[in-house]
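Colleague: Could you take me through the aromatic ring pairs, one part at a time? I'm new to this, so please spell out the cut-offs.

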Amino acid sequence: MTNDLSQPTLESIKQDILDHLFYSQGRLPELATPNDWYMALALTVRDRLLDHWIKTVRTLMRSDVRVVSYLSAEFLIGPQLGNNLINLGIHDQVKQAATDLGLDLERLMDKEEEPGLGNGGLGRLAACYLESLASLEVPAIGYGIRYEFGIFDQEIRDGWQVEITDKWLSPGYPWEIQRPEISFDVSLGGYTETFYDQDGRYRIRWVPHRVVKGIACDTPVVGYKVGNTNLLRLWKAEATESFDFESFNVGDYYRAVEEKVASETITKVLYPNDTMNKGKQLRLEQQYFFVSCSLQDMLRINDLSDNQPEEFHKFFAVQLNDTHPSIAVAELMRLLVDVRGMDWDKAWQITQQTFGYTNHTLLPEALETWPLPLFRELLPRHLDIIYEINRRFLDEVRTRFPGDEPRVQRMSLIAESDQKYVRMAHLASVGSHAINGVAALHTKLLKNSVLHDFYELYPERFKNITNGVTPRRWMVLSNPNLSDLITEAVGDDWIRHAEKLKQLEPCVPDAAFGEKWRAVKRNNKVALSKLIKERTGVAVNPDSIFDIQVKRMHEYKRQHLNALHIITLYQRLKADPSFRTAPRTFIFGGKAAPGYFMAKLIIKLINSIADVINNDKSVNDLLKVVFIPDFNVTNAQLTYPAADLSEQISTAGKEASGTGNMKFALNGALTIGTLDGANVEIREAVGPDNFFLFGLTVSEVSELRSRGYNPRDYYYFNNHLREVVDSISRGNFSNGDHNLFQPFVSSLLDRDEYLLLPDYQSYVDEQSRVAEAFGDTASWTRMSILNVARMGYFSSDRSIQEYCDTVWDVKPVRVDE
């Protein structure tokens, strides 16, 4: 291999690719498969990542620094090759090297399997934050689970979602380094017993039923054109003893490998179906497994640095990315008190100074709670610890609010309902020195509703840090032509400092610039049209409005409101042949949780609507509907740059923030949305005239519910709405089957939990305004440019800097390249 990896030349890159083809893949060029060439190229790039990583470690070893440890159940990192080439600053060299070797870099990048390490916005945010931490030269480790099969690959069969095993590791994963020497035992089940130690102190010992081993799997995360490379450390579960030779010898072949199978199940699949108790148990096992491994690893690093356990919080700032890792509060207490022999008060002080908690939801079902019997069976020692934390905490509550027992019950870490539950969001709130929401509205609602009691007790802990996305992946990599056009106009400093996108505003009146802007957008739409044709067989018009809603399938995100508008538009075109509107292509994508029936039925409805409209020659020059299967980061990198209209239409007060809204706007799409999540701040940033607003506000939602909401009032009052709903009931989109979508119709008319019907007419009216605005090409272009120019605030670099300044108290450490 080339010695000086920090200053690669074209010839050295070519030679390194060939060396890896020979010595890592064992292939001759004339016999190499495309995957062989991809692996050789990826390993060549990884060499340069590891060169940065080693220099980073050496620098940190010479410094007393505080490291950010980001605990997350998901890291939706996406394909790595393209992003690493950009951040290393060697994209053009590698592209030329590939060409000289007779290879096509784009085709090699297409060979890369997407890591199945996340599902939606939570995991993608974690990935953006890791990249920004490295780009801002902040030492950090991301900790999570190395899922063997991810969540699932999605196929659409007869309009229904079908879940297929995601075998993302099968072609080989060149970015990962497994480190079997870094492993930790994780206990599960059993019971606790008391004893006196050699100093005569009363102690508690956990006697587990079984023990699982966690193995570290490391992926380097490089910053943009800096020397710093951080680490994503994921944990793979293995049995402490993978083979029982004695059982094998007596013919009990299943028992011989039983422990191996049971242990490895923990890291098989992301988010197992938890509608059954076995699924709930596995999810809790997963969460505890990765948290325990991660905290044990931090203590190991702390020991290697000759730091005392009492100084742990000075060297690690641990962020809980939502409630999934909240068990970390009890686990760190266990490690400090039971394993390190620290007294309770000191351990609790360290624990609170170590953790920060990011809340990502306002949905009660997403604020995880665990049935007490399950928790006791799986984590008996942690339940003891939580009881003690709760006892002391409730004493504090009673002191601050004497005589207010309803408040005590609301704030308790244990829900005292018909069945007792452990409240994980409460545990995280009590055990952290900082609690933050992820958009201004979300944080306000946390203070006023979900965590109101905690805000009254600890107002100083609450902060807002609005989410952000990295412009390196979501503009430079995903939309290179737009990035080049922006750089040509304002220079390339915006890639590091996204607020400098503001310098685009003087370009708005420039007709020639606007023409180039439109050309970039159309080329992106042509590229997405090609993908749609390949994946769905549907040919779409790149000159139509690309109206896109791609996100996790959930009723609160209201993909079905979008569907109601499509039917409205279709019926109007059928009823009035003289009615003309801007041609429009409705594009959907997203996965439904395997156990979420209504979300899967909505996917079926969308595809059924598509079947009718796309085969109706009287309208399909004006309307097309497509559902892109298996939406992921790879597809997203084509989708966001091609959008004209971004659908951000969740019920006001339900979406914490959203990040898809930011990716769309940064790529020049205009938003139609409610005042929910980060939409509020996006509208403020881009200007009300450049945002299509509709729907009830949070206060109006609350007022409507307090009056007693009856969905049928809206159904009977609005003739167009009634005809849309009735057409679904009649079987117009199900080949005459009146029963197929009856659960959907009943949900709307009997409950309508997410208030589609009150928002329907406002949404339809605003969509008419969208069609009218799209007809004015110059005005639409102006709004598109202004959206990009005013979105710099929503870079993840800004978000991370706010965490560094207000939560973590960490400083950058420069690593010389």
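Predicted model: local features only at pLDDT ≥ 70, side-chain atom pairs only at ≥ 80, totals over all residues.

Modeller: Let's start with Tyr716, which is exposed, at a relative accessible area of 52%. Exposed means over 50% relative accessible area, buried means under 20%, and partly exposed is in between, using a 1.4 Å probe and protein chains only. Residues are numbered from 1 along each chain as its sequence is written, and side-chain values use heavy atoms, leaving out hydrogens and water.

Now for the rings themselves. A pair of aromatic rings is described by the distance of the centres and the angle of the planes. Rings of Phe, Tyr and Trp (its six-membered ring) pair if their centres lie within 6.5 Å; planes under 30 degrees apart are stacked, over 60 edge-to-face, and the rest tilted. That rule gives 22 aromatic pairs. Take Phe513 and Trp517: their pair is tilted, with 5.8 Å centre to centre and 40° between the planes. Both residues are buried, and both sit in helix H21 (residues 511-536), four residues apart, or about one turn of the helix. Helices here are DSSP runs of H or I with at least four residues, numbered from the N terminus. Back at Tyr715 and Tyr716, the pair is edge-to-face, at 5.0 Å centre to centre and 65° between the planes. Ring pairs also join Tyr70, Tyr129, Tyr803 and Trp808 into a cluster.

Technical notes:
Helix = DSSP H or I, 4+ residues; strand = E, 2+ residues; numbered from the N terminus.
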